[in-house]
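Dear colleague,

I am passing this structure on to you, with some notes to read beside it. Please look through the sequence and the model before you turn to what follows.

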Amino acid sequence: MDLKLYDTLTREKRVFRPLDPSNVRMYVCGPTVYDFAHIGNARPVIVFDVLFRFLRHVYGADHVTYVRNITDVDDKINARAAEEFPTLPLNEAIRKVTEKTDRQFHDDVAALGCLPPTHEPRATEHITEMRVLIDRLVKSGNAYVAEDNVLFSVASMPDYGRLSRRSLDEMIAGARVEVAPYKRDPMDFVLWKPSKQEAGSAAGATGKANKSEPAWPSPAGIKTPGRPGWHIECSAMSWKFLGETFDIHGGGIDLVFPHHENEIAQSRCAFHTPVMANYWMHNGFLQVEGEKMAKSAGNFVTIRELLKDWPGEAVRLTMLQTHYRQPINWTVAGLREAQTTLDHWYALTGGAAPGLLCADTIDALADDLNTPRALVALHELRGEAAKGAKPAAASLKASAGLLGLLQSTSEQWQACRLASTDIDERKVVGLIEARNAARKSRDFKESDRIRDELAKMGVVLKDTKDGTTWEVAR
Ligand code: AMP
Ligand code: ZN
């Protein structure tokens, strides 16, 4: 079996050949931690988790290194910290915001069934590596110092723009470039910038919180303390954990330009390499009920809110119904359908130990992570399992596992389904027993009445030859 992946850089689906099959290396841009992650942010996390699982399946669990960074230095973080903790020194407020958001993010993505990456480096813990890269770029003539900023000189790299395939004019229009008098070229981007420092630091001295921005010793001989630009973070952390060139770099399609274009420029010029990563993979965007998700549109959905009403696996399955490169239209109807599917799968695979992996599922995933096709294969297994084929049920369990699904026991699934409703499980069990007793004494009027009562509570009964089971209706 050949794994094929679509590479944004060459615009083609190619057979994946790792640089080193004993250590397949993947980097994915992670979250900026200042607020709850939304359902759009969940998409790259789930998509690349499926790829991580599949690479582990193909190359062995110990032969894949997956790095997903945490951006914990950013203007948005500073603004949120000042707003949320106005009386604290800014640096302390920032720490509170980033630590809390980081915890929330990890809880959320764990509930979506995502494995922890091998490394999750934080930007603020890799400032030294960033400074080393910046010094190199200045030395090689790819970057210059201007008014205590360090800027990357786009003109110094003849093939800048290859990933996004845009002309310089298009890039200028698209990037909403910051026009600054000290830039040699409007496209030049920031590698390092000065941090605003407030005189008379300590909070106690003036009775007011110190508003100084986070600051570190600057590179390139700049005397005033500063902080890194966003793009340099990923070049530094991917270098540290994966080396100068690695196999796969991923993220959402919005990151192609300018973020990934600029990462490529930095890393290739710093290391004098022809490529940064051999495969660039980008997930499509997610819209909610046909519209762009935005706080102002009132359709902004956080992962946390969704998990109050839906099991994490239902969210995950909904996401995987669409191929990762296509846009997703996120709907409640889609979630409901995914949940019903999982109800059936859990009911059928209840006591089954994982069996053989289904070849069609593997083939579909090997074809540029075609999850919708992989799911069709699982539905076929479901059909066979429903007819009583035990190996099909066992294979369904194992193959769904490759997608990070059916990871709970049936009991856990039922409990999770119940938690998102107001149904009292003990009452349901009591009513089912009463109904069984009524049926035994051939009091069908009473047994029908109980069935109706349960239906009103949102419980659907299923009578099988092994007894009565029940599910939560939606
Ligand atoms: P951010 O925290 O905005 O930098 O985003 C973190 C990750 O989520 C990046 O890989 C983005 O490309 C991705 N992302 C953000 N919004 C969406 C969306 N609506 N649909 C899909 N991916 C998204
Ligand atoms: Zn990045």
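**The zinc site**

Around the zinc ion (ligand 2) the four donor atoms subtend angles of 78 to 130 degrees, which makes the arrangement irregular; four donors count as tetrahedral if all angles lie between 85 and 135 degrees, four count as square planar and six as octahedral if opposite donors are over 155 degrees apart and all others between 65 and 115, and anything else is irregular. For comparison, ideal angles at a metal are 109.5 degrees for four tetrahedral donors. The protein donors are Cys-29 (SG), Cys-234 (SG), His-259 (NE2) and Glu-263 (OE), which lie 2.0 to 2.3 Å from the zinc ion, where donors are N, O and S atoms within 2.8 Å of the metal (3.2 Å for Na, K and Ca), and water is not among the atoms, so sites may look incomplete. Along the chain these donors follow the spacing C-x204-C-x24-H-x3-E. Because Cys-29 lies in the loop between β3 (24-28) and α1, while His-259 belongs to helix α8 (residues 256-271), the pair ties together parts that are 230 residues apart in sequence; helices (H or I, at least four residues) and strands (E, at least two) are DSSP runs, numbered from the N terminus.

Please keep in mind that this is a predicted model, in which local features need pLDDT of at least 70 and side-chain atom pairs count only at pLDDT 80 or more, whereas totals for chains, interfaces and linings use all residues. Residues are numbered from 1 along each chain as its sequence is written, chains are lettered from A and ligands numbered from 1 in the order in which they are written, and side-chain values use heavy atoms, with hydrogens and water left out.

**Ligand 1**

Of the 14 residues around ligand 1, those that come nearest are Gly-40, Asn-41, Gly-252, Asp-254 and Leu-286, a residue being near if one of its heavy atoms lies within 4 Å. A nitrogen atom of ligand 1 is 2.9 Å from a polar backbone atom of Leu-286, and an oxygen atom of ligand 1 is 3.2 Å from an N or O atom in the side chain of Asn-41. Two or more residues of the shell come from each of α1 (39-59) and β9 (246-252), and α1 gives the most, with three residues.

**Backbone detail**

Helix α8 also contains Pro-258, and the peptide bond from Phe-257 to Pro-258 is cis, with omega near 5 degrees.

With best wishes

Terms used: A polar contact is a pair of N or O atoms within 3.5 Å; within protein, one must be able to donate a hydrogen and the other to accept it, and residues adjacent in sequence count only if both atoms are side-chain atoms.
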